[in-house]
Amino acid sequence: MSKTTENKRPCALVRAVRHFRTITKHRHTVIYYCARAGILWQGLRHDLSKYTPTEFFAGVKYYQGYRSPNEAEREDIGYSSAWMHHKGRNRHHFEYWTDYDPAVRGKIRSIEMPYRYVVEMLCDRLAASRIYNGKNYSPDAPLKYFLPAKPNRMIHPATSDRIEDLLRMVAEKGEDEVLSYVKQTVREDRAARKAARKHR
């Protein structure tokens, strides 16, 4: 970070207040979407790790207001300490779902995400697009953000297809219709998991 850029930045207290407002507004928007999608309890627990010192202080230091502080931290030191902390504690991120492949020593593989976390990821992406795009938000914004990095993601193919299908539905049919559909499929998924537990 150059001295010129540093001199133009608000003081740490102002950045702290603005960062707190941003992550809290995002969290509340996710809760709203999760409630409509039938996963309110997940929504209430969404992104709580962002308020821990590891994530919050890094967020304040690299706060810019128009993009994630994680991106600025990566540009500055080559990685994001806040993101590494975050992805290991939040199951709605596909990066959480990786593990060593038992069939190939030393190889890391992606694991298919349970549907309820794919739905939370959808809510997260809708909320983030609304927060960062502001008045310029459109239903296809989350899909446009998702697609460019698709070839480079370490994500299970089924998970990738599922979230892309939902984002395409949002782009084509709008949030209301998709959230109504998702709420029904969440009920079905919950019933299927409950039935599977009974037969164990």
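A: Rings of Phe, Tyr and Trp pair if their centres lie within 6.5 Å. In this predicted model, such ring pairs link Tyr-96, Trp-97 and Tyr-117 into a cluster.

Q: What makes the pair of Tyr-96 and Trp-97 edge-to-face?
A: The planes stand at 65°. Over 60 degrees counts as edge-to-face, so the name applies. The centres are 5.2 Å apart. This is within the 6.5 Å limit for pairing.

Q: Why is the pair of Trp-97 and Tyr-117 called tilted?
A: The planes meet at 40°. Stacked needs under 30 degrees and edge-to-face over 60, and the rest are tilted. The centres lie 5.9 Å apart. Trp-97 sits in the loop between helix H6 and strand S1, and Tyr-117 in helix H7, 20 residues apart.

Q: Why is Trp-97 called buried but Tyr-96 partly exposed?
A: Buried means under 20% relative accessible area, and exposed over 50%. Trp-97 has 15%, so it is buried. Tyr-96 has 26%, so it falls in between. Tyr-117 is buried too.

Q: How do you know whether Ile-155 is buried or exposed?
A: Its relative accessibility is 12%. The cut-off for buried is under 20%, so Ile-155 counts as buried. Ile-155 lies in the loop between helices H8 and H9. Its contacts, beyond four places in sequence, are Phe-94, Ser-110 and Ser-160.

Q: Why are H7 and H10 described as roughly antiparallel?
A: Their axes cross at roughly 155°. Angles over 145 count as roughly antiparallel, so the pair qualifies. The crossing is left-handed. The contact has seven nonpolar, one polar and five charged residues.

Key: Residues are numbered from 1 along each chain as its sequence is written. This is a predicted model: local features need pLDDT of at least 70, side-chain atom pairs count only at pLDDT 80 or more; totals for chains, interfaces and linings use all residues. Side-chain values use heavy atoms; hydrogens and water are left out. Axes are lines fitted to C-alpha atoms, for helices over the stretch in contact, and angles run from 0 to 180 degrees between N-to-C directions. Helices (H or I, at least four residues) and strands (E, at least two) are DSSP runs, numbered from the N terminus. Angles under 35 degrees count as roughly parallel, over 145 as roughly antiparallel, 65 to 115 as roughly perpendicular and the rest as oblique. A crossing is left-handed if the near helix is turned anticlockwise from the far one by less than a right angle, and right-handed if clockwise. Ala, Val, Leu, Ile, Met, Phe, Trp, Tyr, Cys and Pro count as nonpolar, Asp, Glu, Lys and Arg as charged, and the others, Gly among them, as polar. Buried means under 20% relative accessible area, exposed over 50%, partly exposed in between (1.4 Å probe, protein chains only). Contact means heavy atoms within 4.5 Å. Rings of Phe, Tyr and Trp (its six-membered ring) pair if their centres lie within 6.5 Å; planes under 30 degrees apart count as stacked, over 60 as edge-to-face and the rest as tilted.
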